[in-house]
Amino acid sequence: MKVSIFTTCMMDLMFPHVGKNMVEVLERLGCTVDVPDDQICCGQPTFNSGYVEASWPVMHNQIDALSAIDCDYIVCPAGSCTAILKEYPELLVDDPNDPTGDYMARAKILSAKTYEFSQFIWRVLGIADCGAELDTVATYHRSCHMTRLLGERETPFWLLENVKGLEMRQLDGIQYCCGFGGTFSVKEHEISELMVTSKVENIEKTGAETLISCDPGCLMNIGGRFNRLGKPMKIMHIAEVLNHNVDESRIKKISEVATPAPAPFP
Amino acid sequence: MGLSTSTLPFKERIAAAAKDKFAHASIAKAQDTQYTKRENARAELGNWQDWRKLGQSIRQHVIQYLPDYLEEFSDNVEKRGGNVFFAQTTDEANDFILNVIKQQQGHHVVKSKSMVTAELDLDKKLQALPDVSILETDLAEFILQEDDWDEPSHIVFPAIHKDRNQVHTIFKKLGYEGDNDPEHMARFARKYMRERFLEADVGITGCNFAIADSGIINLDTNEGNADLADSIPKAQIVVMGMERLVPSMKEAEIMDNMLARSAVGQKLTTYVTFEGQQTPGETDGPENFYVVVLDNNRSKALGTEFQEILQCIRCGACLNVCPVYRQIGGHGYGSLYPGPVGAVLSPILGGYEQFGELPFASSLCAACTETCPVLIPLHNLLIKHREVETDRLNMMHGFTDFQMKVVGKGTSSPFMFKMALRFKHFGLSPWTHQKPVTATNFFEYNNSMITKGPGMVGGWTDVRDLPVPPKHRDDFRVWFKHHKKQGGDAK
Amino acid sequence: MTIQNRDKFLDHLAERLGQPRHQLATHPYQQLNDLPQQTLSDKTPAELLALARKNSEALPVTFYEVAPVELPQLLTDYVTDKGGGPLLLPTTSHFADYQLTDWQKSIAADQTVNYWLPDADRATNLKAAEIANIGISFADFLLAESGTVTVSTNPGQGRALHFLPIHYLSIVPRSRIVARSTQAVAWYEKEQAAGCLDSSAIHFITGPSNSGDIEMQLVTGVHGPLDVTYVVVDD
């Protein structure tokens, strides 16, 4: 199975280990991985800030870059960027610079084969247990875009359930945004501060020593706040968790484990 | 004070809201309580997503054929013997209402909750009339009135920012001698307001839905104050936004069910009333029935990408799930219509000059879109507003605008992005203060954290540390090339 | 007076919408799905009664099921329990239908009983409602899903009868328990279309008046009745 990594600008610029862990997990599970060279960004930073005209070239570049390598699937380490890429066919309806509809046509193809990392493992590869082990008490931060725009509410919880030694604690107010919101965190930093403060309080209340999420943006925000407060908190992307202390003999398919319960609201 | 509820600049309102610990705690508690009630009520109904589509289809159809529905409704009001006044502006509406009160020789006006009359700033106009008393009869609005006309902060719970002790203080001024138990205070308000109800000669009500095919209106209250306001006085003035129609009682009933479950998690609001001009032979209810239909810039949304906001049924669910509303409350928005719906609606009604900041006061978490019972894509409409302000009206200036344009260039040019990857580690260093990493693991390759940076980075570092970008040799792309050469993907 | 500023107003809206007025005849609203009709449609009358009781009691409403012969005694006990009159009753043939005419006489011997009178003036009927300790009326329907009674105004039963008394009791025949508001609205629309119902007010009443306006703590009896009782009569 040929998999292209949709790296995201944030992972490229800031968090290389997220990509490394992701590649190692995917290869272990039998994927042939490649990284399309000219890809940069999904376009959210400008698009969501209202710079829509400036965003069409960003999306075009992304479509060109990701289409350049033949692959079965595209896998991304961020729920938010995945969600936007999947929304491209809706967004490009307003694109004035695509007279032939060529970008739209390719956007539809890309959209259909793009998955967020954890949902790819569970829903496409059919893997329930990556064989990982992590001795820690952790809680999970659900990103808004992954939950609501991508509609993925379950796979991270299910995968984490099968990590050996990992004790998961429920996070109060899990439905509330951490205050990242891209340029919102900078432009409206006064409101963002109130939001991330509240998120940090709820995380501390769980007694967890580790915070896990599927979105590097949220982790940079919440982790940056913990760092500002000088408080110790282990911040981990799910790829790092699933690549921790792996014993390949423990890897299990969905059919080999009990069916997990659907995620309750919120 | 009408649509605008504050004269303070936006950032000062946020700072004031951040300091108001009580309001903050009470909103958080309200949101959490409502969460469970609302979600349970919807789950119990079943097929919620299909109900939403049904609600959306009704409201979209009404907006698409709004002139026809308004014509049908007004014809039917007239057939029943009532009157309809179409007001383009708030001034026209106020003049008409004051004139009716004069004609009716009204001295005691009772009002039941109406956001549109607040939009008109009608209370202030009525106060200026000699020999006319005015009473807001919704318990929350009564509290606000008696607190020297404090501004509402929620469209369903207007006094959500006040606690029982504050209410107690307000009621003591009215002669209340009991304790601060909400039940006791509510009984006092009942008695106080009942006396005023009985002498009322004009009732002013809002309108949840106007029924086009029969010329009657639909009012939903839990207290029963709208029912007293439409029973006792001889004259009733209904004030409604022009978009609040439904084809018939059949659709009103559907919307009432969705409204009650979305607003407060009830199956139906306690008093769901369909009423209009008194029928011959009846002895109470309005002998003189007036409906004021207000535009006040709502029509600016018609035929635009913002048309869907007119589908709103004012359930307040988007406020109740909003993490920004949770932090800054209604007063932070500075608009009569706060929260996500307010951030979309206020710039349309009041213009970008005054409310242009509201669409940016959102992290675009989409909780609003997810909860809206009539499927208004609220967070997308916020982006649309940003686009109008940025691309079409060129309202963005200065260094931030420049930086965003650089981001646009940098994220569309592979060459520039690769340059950025190469130089990012050292690029920021001269302008920053740094400290070590305490939140571990995730910042493994960042070595240290920036505590104070320039430009947009400054907005970030005012709140939290920013990881220093890793050295180019540690980049994922560099690692991956090496990894492939090592035969890492041999499988 | 009647209708003012209409054409200019509506023409402006049509212009904004970019389509001519008077399209509705060819584009009527068509209900997207039949959820309102389908919801709870599989319930038997016995199940609807049980549901009505459960949902009413949760409001809270005091809920009785009685045989017709038990009704007079129940009403008398209710009046005693609530501290007696003044009572406010509607002028309606329902008393005769339920064979309550003897009860009317007997209760009037013990208590102050006022009627909402078709030929009285506004002030008189409102006064009777204002002083009433107890209001009693006959409901058109009881909705199982929400524990709601529905009533329509007519010359013998004004609007305020349901709102001004301190205690409120509603009598409804068992055959008039329906699944939800959908069925009640369908009936009202049908009656109105057939010219059988000429009412200016239809009320759907779901338990006692209440408010959560102070710290979201639910309190009852803000403007309307402090407590509500439903009596389902076998028929």
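Here are some notes on how the three chains of this predicted model meet.

1. A word on conventions: local features need pLDDT of at least 70, side-chain atom pairs count only at pLDDT 80 or more, and totals for chains, interfaces and linings use all residues. Residues are numbered from 1 along each chain, chains are lettered from A in the order written, and side-chain values use heavy atoms, without hydrogens or water.

2. Which two chains do not touch? Chains A and C; their nearest C-alpha atoms lie 19 Å apart. Of the two pairs that touch, B and C have the most contacts (heavy atoms within 4.5 Å).

3. Between chains B and A, about 7400 Å² is buried; this is accessible area (1.4 Å probe) lost on putting two parts together, summed over both. B:F442, B:V463 and B:F476 supply 11% of the area that chain B buries there, more than any other three residues.

4. That interface counts 10 salt bridges (a Lys or Arg side-chain nitrogen within 4 Å of an Asp or Glu carboxyl oxygen). One of them pairs A:R148 with B:E370 at 3.0 Å, N to O.

5. Nine salt bridges cross the C–B interface. In the one between C:R180 and B:E253, the closest N and O atoms are 3.6 Å apart.
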